[in-house]
Amino acid sequence: MGKKLPPDQLELYKRIDEILFYKWDPIGISDGDWARDEYQSYLPRVFAYAMESDSPDAIAKYLGVVSTESMGLSAAPEHDMNIAKMIIEVKEGLGL
């Protein structure tokens, strides 16, 4: 992460981490904690996109690129958009 976040942003960061692991989970590993850090390398960019805009579009696009180009999985644009919308809802719920 590199810098200390204010408490509300830190809370968003933590919640995005949970959403990526438990809800997005494109490779289906969330049933165990052994790979709990599997998606954390994507977390800073998702967090940045969430902070930059109230639109879920950039987040959904990024998740799609990660899952198809980095992981070699089939595209799931509807799922990616639902996850992105969830992240924006959490952001708004925290008043950010």
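1. Burial. In this predicted model, 36% of the 96 residues of the protein count as buried. The accessible surface comes to about 5600 Å², and carbon and sulfur atoms account for 49% of that surface.

2. Overall fold. The protein has 4 helices and 0 strands, and from the N terminus on its elements follow the order α-α-α-α. Its radius of gyration is 13 Å, close to the 12 Å that the globule rule gives for 96 residues, so the protein is as compact as a globular protein of that length. Along the principal axes, the C-alpha atoms fill a box of roughly 35 × 30 × 20 Å.

3. Contacts along the chain. Consider the contacts between residues at least 6 apart in sequence: 61% of them join residues at least 24 apart.

4. Charges. The protein carries 10 positive and 17 negative charges.

5. D17 belongs to helix α1, and D25 is placed in the loop between α1 (7-24) and α2 (43-52). Buried means under 20% relative accessible area. D17 has 12% relative accessibility and therefore counts as buried; D25, at 12% relative accessibility, also counts as buried. Leaving aside residues up to four places away in sequence, D17 touches R36, Q40 and L43. The backbone of D25 deserves a remark: its phi is positive, about 30°, although D25 is not a glycine.

6. Aromatic pairs. A pair of aromatic rings is described by the distance of the centres and the angle of the planes. The structure holds 6 such pairs. One of them joins F21 and Y39, which are 6.3 Å apart centre to centre with 50° between the planes, a tilted arrangement. F21 lies in helix α1 and Y39 in the loop between α1 and α2, so this pair ties together parts that are 18 residues apart in sequence. Both F21 and Y39 are buried.

7. A further pair. W24 and Y42 form an edge-to-face pair, with 6.2 Å centre to centre and 85° between the planes. Because W24 lies in helix α1 and Y42 in the loop between α1 and α2, this pair ties together parts that are 18 residues apart in sequence. W24 is buried, with a relative accessible area of 2%, and Y42 counts as buried at 17% relative accessibility.

8. The aromatic cluster. Which residues form one aromatic cluster? The members are F21, Y22, W24, Y39 and Y42. Two of the pairs described above, F21 with Y39 and W24 with Y42, are drawn from these residues.

Note on methods. Residues are numbered from 1 along each chain as its sequence is written. This is a predicted model: local features need pLDDT of at least 70, side-chain atom pairs count only at pLDDT 80 or more; totals for chains, interfaces and linings use all residues. Side-chain values use heavy atoms; hydrogens and water are left out. Helices (H or I, at least four residues) and strands (E, at least two) are DSSP runs, numbered from the N terminus. The radius of gyration is taken over C-alpha atoms; the globule rule is 2.2 Å times the number of residues to the power 0.38. Buried means under 20% relative accessible area, exposed over 50%, partly exposed in between (1.4 Å probe, protein chains only). Contact means heavy atoms within 4.5 Å. Accessible areas come from the Shrake-Rupley method with a 1.4 Å probe; for residues, only the protein chains shown count as cover. Lys and Arg count as positive and Asp and Glu as negative; His and the chain ends are not counted. The place of a charge is taken as NZ of Lys, CZ of Arg, CG of Asp or CD of Glu. Rings of Phe, Tyr and Trp (its six-membered ring) pair if their centres lie within 6.5 Å; planes under 30 degrees apart count as stacked, over 60 as edge-to-face and the rest as tilted.
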